[in-house]
There are 2 protein chains.
Amino acid sequence: MPVATLDSSRIAALTELGQQLRVDAVRAAAAAGSGHPTSAMSAADLMAVLLANHLHYDFAASRNPGNDHLIFSKGHASPLLYAMYVAAGAISDDELLSFREAGSRLEGHPTPQLPWVDVATGSLGQGLPIGVGLALTGRDLDRLGYRVWVLCGDGELAEGSMWEAFEHAGHEELGALTAIVDVNRLGQTGPTRHGWDTAAYARRIAAFGWHTIEIDGHDIGQIDRALAEAETTGAPTAILARTRKGKGVAAVEDAEGAHGKPLPDEADAIAELGGQRSLRIEVAAPSVIAQPRLPEVGRLVLPTYPEGEAVATRTGFGEALTALGGARSDVVVLDGDVGDSTRAGYFRDAHPERFFECYIAEQQLVAAAVGMQVQGWIPYVCTFAAFLSRAADFLRMAAVSGAHLCVVGSHAGVSIGRDGPSQMGLGDVAFFRALWRSTVLCPCDANQAAWLTAAMADRGGISYLRTTRGETPVLYPEGEHFPIGGSKILRSSPGDELTLVAAGVTVPEAITAADRLAEDGIAARVIDLYSVKPVDVATLQQAAADTGCLLTVEDHWPQGGIGDAVAEAVGHSTAVPRLGRLGVLALPGSGSPAEQLQHAGIDAAAIADAARGMLES
Amino acid sequence: MPVATLDSSRIAALTELGQQLRVDAVRAAAAAGSGHPTSAMSAADLMAVLLANHLHYDFAASRNPGNDHLIFSKGHASPLLYAMYVAAGAISDDELLSFREAGSRLEGHPTPQLPWVDVATGSLGQGLPIGVGLALTGRDLDRLGYRVWVLCGDGELAEGSMWEAFEHAGHEELGALTAIVDVNRLGQTGPTRHGWDTAAYARRIAAFGWHTIEIDGHDIGQIDRALAEAETTGAPTAILARTRKGKGVAAVEDAEGAHGKPLPDEADAIAELGGQRSLRIEVAAPSVIAQPRLPEVGRLVLPTYPEGEAVATRTGFGEALTALGGARSDVVVLDGDVGDSTRAGYFRDAHPERFFECYIAEQQLVAAAVGMQVQGWIPYVCTFAAFLSRAADFLRMAAVSGAHLCVVGSHAGVSIGRDGPSQMGLGDVAFFRALWRSTVLCPCDANQAAWLTAAMADRGGISYLRTTRGETPVLYPEGEHFPIGGSKILRSSPGDELTLVAAGVTVPEAITAADRLAEDGIAARVIDLYSVKPVDVATLQQAAADTGCLLTVEDHWPQGGIGDAVAEAVGHSTAVPRLGRLGVLALPGSGSPAEQLQHAGIDAAAIADAARGMLES
């Protein structure tokens, strides 16, 4: 699109539209009695011009994969987004006034309850990184010409995740991506670091390989030219727009203390903004009218491992993932420069066109995957279990988005050995259990890991697979199935006096412990709890009824892991069993895997001792 | 210090020292059979010159507050750090060879088990942000002239947290801080994005207000001049040193596939490096020989709130924190541009010289606090509970460091109301429970919040205080004590048929539920479990013995919170009670606080219903 100059009547019309968006944002917040109208008002002119002149979007067909994407990284400006939907005819004025009511789709911060919202925002610094993922998807996977527009705040440029995004997009030269930064100079508690110094932001962002444009964010002509320039420059573009928070209403304009609350007088404000309007915009259709892509799904032949061999679960995962990538065209893999360790590297070597190296930037790693799943791709996100905590807030928000992510954390637990606690995932199960609608899987052998790797693809929500570094014995025969929500009983007899519940590396330890207990005449049931969430309540309750005494053993802190999961499963039985738990009690140091398990008190000897102690007490 | 030129004999001596550091790193890794010698070898010349010519450190008095600080942000280069300790005479050659053995202080990644290590590293991108905190401390709190040297990898420059640090230090003009970036161009799986393009890094870092110097990282003269320049420039300085991974040993030098493993032939490598040496360096003493600072501690008069009034726990926290700041000179407060909401703003207004605004950058927020506690300050770190998850990995590593942090998360739970799920901390208790040696506190009224705020100061480790947005009734009289590890029984009678266990906003709901149950002739005990970790095992076990039936109620996902804490406490009783739990089961939307509690099924009506259900089943 050539960079044309708008005529005065068009400028007047867009000015009117901007005022309408302000009025509607003020009205929505007034109706709700809360919200962030002033943060909406600063960006109203930017969004008016985008909506009317640059966005390509079919509001009647939000699932058209050729649609542009518009993400409000500053999610608290939601009244502006909803006002845009009114202007586009997507929602009614009545619905606008349901803002923040219980049951309304128009939540305090946008969520995909609305069909035009790709992802939930409201935790700052996430929209742009996800936008990078969408721009990557558009270019490298969908191969459709859609653009990705992200409205950012100036305050959120303090978030490191934004700079992971600038680096990723700059390096990838994602010309379809535009960040529109609403530089209104005021955060919650006062001025930002750089105020209206748009040059300070431009210098930083340009250094990361972006094209930058500094404009007056209330000058319709400048806005339009900048958006047009962004469409043609070929580089990711940041428009740094100097704006005034609360623009248009003197009582709040550029005023401290006016953040996050309705305007003091709705009627006065609307009058000052020129009254209510009812302009409707015909938003341009996307150039591509496409159907949602149907993946090619062929026959999956998973790798198998002979019983008794020693194979790491991460290897079972990596080989299964590679097979899955061969069978399904919609599987994509992302890794944070540890693919040699996670074994995502196997997939990289086999399917390089669907592998995305995200380097050591775990927030961007998860965000890119969230962007990809918006378009129906099935991303596997891989790094060390410990380092997934770097992206905890992105995973939390991905759950709010209802995102479908397959997350794989390797090197979990003390059993990694000598690298020490910085590399050990010891709270990962606790974190993933406490995510909305999550699945948590802890395989103990390579066949199980392979099976669960494939099962995650169709699970929905956020699934977490916990893999381990060292080789563990293959316990299950080829062809064994491991349904999510199930478990396996590995030792059982009518006279079982207690039940050992283990997962991952503690399963072989529990088996050895059961064998030693058997030598003392104590029959112990052993349950492999590979599915920690959902958990196999029936099997656990049966074990509780049969043995009255359960001992959980996990390579994890004692909090939030399988001990807690088992307690939850059996707690509401009418005959509640006694529960013992073994987990990592002391801060580990370095040491061999066997030394680590011993030091943590979760090896076979410790299990057998604890079992005897429970039966004697 | 003037920038002088080294004479050739000095250059030769420093070259020898660099080779010694390489040889010792190779030896340590060979002895361990693991480790990252090649990542140590690239930085050996940089560290040789630093140690011999620029570091001011008394290894015999690591607690001298005037010492410089040296942080290995690239913690995997630990064999280099330990080789430096040998050269400085701080550890013996024998101890060097204990690297990565069980029980050795020389762990795979450095931890404060060693007195000269301030903080644990090994999760990349953390050392520089913590260094920013130390440099702030040196200038604004300790007011001592120490310098902060941080050895960074090039790979970790992809971490957003590094850019939060560059922004923070640049804006604060922290001239005492030097980042020495070992640009060896190779990550784990292959080349970094920018390879040896040090200019690409320099452009980015300079844009954030830093002084930058690009050098050949194996040229002793260039290194020395750069370090001297860093000491005099007055701005934070980044030295971008082009280096070769595995430098000095042809078999691994600049080779892919040589990451994170011992050299293929130790003897050949040592020979190629010119053999073993035993140089000892007299490290310069700090200019200030100071004693650890003793805080002024005066009489603390906590705010009090009359029973029956409605006051938010965040207000009780904020006012108590301000009082604490008046009574103790060592309390400092950091917030992420939400001080008006967290109520840290009260402290900011009263004690601005000990308040640090960290803007919307939660990783840097926590990292700065970690730096401050290294020097004995007691930091209170404040933001929304939800956004603390942004810093989850920093908190995880702070626990490994044994750091003493008081962390306060406001706006926890669905009871915040209309802002929606992005702003609600619903997994925060799960996360903090599963941290090493943590304390988790959930006050229900303002007097309790005030008391616990003060109690955290002396607790040690990571303490977490969960505060809530809305006003809740003051339940406790002035002067009531709330020891950590305790609980309060709010309703009790000899005929109690079940026990309701609540914390925070669910306490008044549980009381109302108990009153309604009483109307039906059901006596319910009510326990206020304000201390979730450590938990009051005795009181819970007594309730289990007395009533046989416990129902937990929490404004949190059902996983990882007080339901799990109670299950853990009573699970190993000989008479295990039945356990019911209420938590947030559905993804919340917007709504009023009362609507949210109702929708989540944790209000008084839901509690009473669940209690009746448990007694009937």
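What is the mean pLDDT of chain A, and what share of its residues reach 70 or more? The model described here is predicted. Chain A has a mean pLDDT of 96. In that chain, 99% of residues reach 70 or more. For the complex, the predictor gives an ipTM of 0.98. The pTM is 0.98. Where pLDDT is low, predicted coordinates should not be read in detail.

Chain A is divided into three parts: domain 1 (8-272), domain 2 (310-473) and domain 3 (488-616). The C-alpha centres of domain 1 and domain 3 of chain A are 52 Å apart.

The interface between the two chains was examined next. Chain A brings 99 residues to the contact. Chain B also brings 99 residues. Between chain A and chain B, about 7,900 Å² is buried. Carbon and sulfur atoms give 50% of that area. On the side of chain A, three residues lose the most area to chain B: Arg193(A), Arg390(A) and Trp436(A). Together they account for 11% of what that side buries.

Polar contacts also link the chains. Across the interface of chain A and chain B, 52 residue pairs are in polar contact, with both residues at pLDDT 80 or more. Helix α7 (residues 160-172) of chain A supplies the largest share of the side that touches chain B, with seven residues. By class, this side of chain A holds 34 nonpolar residues. It also holds 38 polar and 27 charged residues.

Side chains of opposite charge can pair when their charged atoms come close. Between chain A and chain B there are 10 salt bridges. One salt bridge joins the side chains of Arg100(A) and Asp419(B), at 2.6 Å from N to O. Over all chains, the whole structure has 60 salt bridges. The pair of Asp419(B) and Arg100(A) crosses between chains. Asp419(B) sits in the loop between β10 (405-410) and α17 (428-433) of chain B. Arg100(A) sits in the loop between α5 (93-96) and α6 (127-142) of chain A.

Some backbone features fall in loops. In chain A, the peptide bond from Lys533(A) to Pro534(A) is cis, with omega near -5 degrees. Pro534(A) lies in the loop between β17 (531-533) and α20 (537-547) of chain A. In chain B, the bond from Lys533(B) to Pro534(B) is likewise cis, with omega near -5 degrees. Pro534(B) is placed in the loop between β17 (531-533) and α20 (537-547) of chain B. Tyr359(A) is not a glycine, yet its phi is positive, at about 55 degrees. Tyr359(A) belongs to the loop between β8 (355-357) and α14 (362-374) of chain A.

Technical notes:
Residues numbered from 1 in each chain as written. Chains lettered and ligands numbered in written order. Heavy atoms only, no water. Contact = heavy atoms within 4.5 Å. Buried area = accessible area lost by both parts, 1.4 Å probe. Salt bridge = Lys/Arg side-chain N within 4 Å of Asp/Glu carboxyl O. Polar contact = N/O pair within 3.5 Å; in protein donor to acceptor, adjacent residues only side chain to side chain. Helix = DSSP H or I, 4+ residues; strand = E, 2+ residues; numbered from the N terminus. Nonpolar A, V, L, I, M, F, W, Y, C, P; charged D, E, K, R; others polar. Domains from an automatic or database assignment. pLDDT = per-residue confidence, 0-100.
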